[in-house]
Amino acid sequence: MSAFGFLLVLGGFLSYFTLIFVFQRFTYKTWIFNIIIGVGIAMAVLSWFQSGTNLIFWSTIIVGVAWFILSKVELRLTGSKKLKLKQGSNFPAMTFTMIDGSEISEQYLIDKAPVLLVLYRGWWCPSSKTQLNEIIQQYEQFSKLGVKIYAASVDDPIAAAPLQEYVGGDITILCNVSESFLDSIGVRDQRGAPWYDRILFGAPKQDISMPSAIVINKNGKVVFAARSLQVDNRPRINDMLASLK
């Protein structure tokens, strides 16, 4: 039982990080890994009552506790304390850069309204691709409501160009979001890209956006605004669609 518990803990730990760093895929369902590793720890504790402690027992406990500490720390976002946009707020002034280098203002988005503006962490972040994939999967629902979808980050156009290819024509990527804009709506993540993403993926060291979603109507009013306080969380798509209906 002790050995099987250790395999569960180690397997859960390694499979999670393999998804992110090898396959560059991210799952928001980290609770599944918490359960797997929690069961492994529980099995180790039961084996302790049956046959005492050994190297496998302590290895299971150490790796399991390390998972819960590391995942809690690494998934937490640090920055703006409060989301400043609310339903009925005016969408703030801002200049965005498109992939082709041209600049647009907030009025461009208002003229295209209703608009869903998704703010993502960066081109280097596997969770950002997952965030955008969820939007793409519901593209037909947004399209029926006449919604234009944009996704913005602090990335420059060159860095963001592969992501535009990745999302295709369903989402228009916007770049060079300023820190002042992130502050004005309360979604600035001052931690930026974690150290391992800077080493493995070449992510720049700069403040970024918390994963966020804003829906704007033709009057330039915000009808939906939400942000995430953890990487493994995100604004609910059903809530975005409900705000449009």
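1. A word on the basis. This is a predicted model, in which local features need pLDDT of at least 70, side-chain atom pairs count only at pLDDT 80 or more, and totals for chains, interfaces and linings use all residues. Residues are numbered from 1 along each chain as its sequence is written, and side-chain values use heavy atoms, with hydrogens and water left out.

2. The largest pocket. A pocket here is an open set of points on a 1 Å grid over the protein atoms alone, with protein on both sides within 12 Å along at least five of seven lines; lining residues have an atom within 4 Å of a point. The largest pocket has a volume of about 190 Å³, a volume being the space filled by probe spheres set on the points, which are joined across faces, edges and corners. Among its lining residues are Phe23, Arg25, Lys129, Asn133 and Tyr166. Helix H5 (residues 126-137) contributes the most, six residues; helices are DSSP runs of H or I with at least four residues, strands are E runs of at least two, and both are numbered from the N terminus.

3. The largest cavity. A cavity is a set of grid points where a 1.4 Å probe fits but cannot get out, and the structure holds two of 30 Å³ or more. Of its 17 lining residues, Ile20, Phe26, Glu74, Leu75 and Tyr196 lie nearest the centre. Helix H1 (2-21), helix H3 (55-74), H5 and helix H9 (195-200) each give two or more residues to this lining, with the largest share, four residues, coming from H1.

4. The second largest cavity. About 60 Å³ is the volume here. Its lining includes Val118, Glu134, Ser212, Arg234 and Met240. The elements giving two or more residues are H5, strand S8 (212-216) and helix H10 (237-244); H5 has the largest share, three residues.

5. The cysteines. How many disulfides are there? The count comes to zero, taking a disulfide as a pair of cysteine sulfur atoms within 2.5 Å. The sulfur of cysteine 125 has its closest cysteine sulfur, in cysteine 175, 16 Å away, so the two are too far apart for a bond. Cysteine 125 counts as buried because its relative accessibility is 3%, and cysteine 175 does so at 0%. Buried means under 20% relative accessible area, exposed over 50%, and partly exposed in between (1.4 Å probe, protein chains only).
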